[in-house]
Amino acid sequence: MHERILVTGGGGFIGSHMAAYLLARGVGVNVLDDFSSGSTSNLEGLDGDLRVFEGSIVNPKDVAAAIDGVDGIFHFAALPSVARSVQEPVLTQEVNVTGTVALLDAARCKGVKMVFAGSSSAYGDQDVVAKNEDLKDMPISPY
């Protein structure tokens with residue numbers, strides 16, 4: 001048996017590249033994505049043990065199906081767009097915060113570790129050439 005990793009948001013740009021990276025190294029990959037902003041075309045042509053679960057991180061049944069049998073999680077699923085987060089803060093919170101907490105709880109129950117990918121939006125509009133993790137958090141939007 002080989003390692004299997006869940007990649008949430010695996011139909012997006014970053015998630016699909018992570019899936020490709022893992023598959024190229026012989027790791028089995030489960031992708032969970034609702035494809036509201038990602039695309040199945042980002043997963044076309046990937047070789048290896050790939051299982052795609054179309055669903056949402058806010059749906060416990062979708063998460064349970066996708067997390068079954070995995071050894072770890074890379075979490076990239078989110079409702080993107082700073083502008084959208086201002087226009088639809090409740091929906092953004094539901095997916096980006098509540099969905100992440102639900103995923104963390106599922107990972108805890110299964111005993112698997114999770115890596116969370118955040119956004120540089122947490123640093124706001126600071127006057128620096130390149131944002132880095134040493135900057136103070138200064139978000140300007142719900143995203």
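**Exercise 1.** Work out what covers the buried residues of helix 2.

*Solution.* Step 1: the cover of the buried residues of helix 2 includes strand 1 (4–8), strand 2, strand 3 (50–54), strand 4 (72–75) and helix 4. Helices (H or I, at least four residues) and strands (E, at least two) are DSSP runs, numbered from the N terminus. Contact here means heavy atoms within 4.5 Å.

Step 1: in helix 2 itself, which spans residues 60–67, the buried residues are Val63, Ala66 and Ile67. Buried means under 20% relative accessible area, exposed over 50%, and partly exposed in between (1.4 Å probe, protein chains only).

Step 2: seen down the axis of helix 2, these buried residues fall within an arc of 90 degrees, so they line one face of the helix. The arc is that of the directions from the helix axis to the C-beta atoms.

Before you go on, a word on the model: it is predicted, so local features need pLDDT of at least 70 and side-chain atom pairs count only at pLDDT 80 or more, while totals for chains, interfaces and linings use all residues. Residues are numbered from 1 along each chain as its sequence is written, and side-chain values use heavy atoms, with hydrogens and water left out.

**Exercise 2.** Describe what is found at the two ends of helix 2, starting with Asn59.

*Solution.* Step 1: Asn59 sits in the loop between strand 3 and helix 2, and its 31% relative accessibility makes it partly exposed.

Step 1: Asn59 caps the N-terminal end of helix 2, with a side-chain oxygen 2.9 Å from the backbone nitrogen of Lys61. A polar contact is a pair of N or O atoms within 3.5 Å; within protein, one must be able to donate a hydrogen and the other to accept it, and residues adjacent in sequence count only if both atoms are side-chain atoms.

Step 2: just after helix 2, Gly69 takes a positive phi of about 80 degrees.

**Exercise 3.** Is Thr8 buried or exposed, and with which residues is Thr8 in contact?

*Solution.* Step 1: Thr8 belongs to strand 1 and is buried, with a relative accessible area of 0%.

Step 1: leaving aside neighbours within four places in sequence, the contacts of Thr8 are Leu32, Ile57, Ile73, Phe74, His75, Phe76, Ala77 and Leu103.

Step 2: a polar atom of the Thr8 side chain lies 3.2 Å from the backbone nitrogen of Ala77.

**Exercise 4.** Which residues lie nearest the centre of the largest pocket, and which element gives the most to its lining?

*Solution.* Step 1: on a 1 Å grid over the protein atoms alone, a pocket is an open set of points where a 1.4 Å probe fits, with protein on both sides within 12 Å along at least five of seven lines; lining residues have an atom within 4 Å of a point.

Step 1: the lining has 38 residues, and nearest the centre are Phe76, Ala77, Ala78, Leu79 and Tyr143. Helix 1 (13–24), strand 2 (28–33) and helix 4 (89–110) are the elements that each give two or more residues.

Step 2: helix 4 gives the most, with 7 residues.

**Exercise 5.** Find where Leu91 lies and what Leu91 is in contact with.

*Solution.* Step 1: Leu91 is part of helix 4 and, at 35% relative accessibility, counts as partly exposed.

Step 1: apart from neighbours within four places in sequence, Leu91 is in contact with Leu79 and Arg84.
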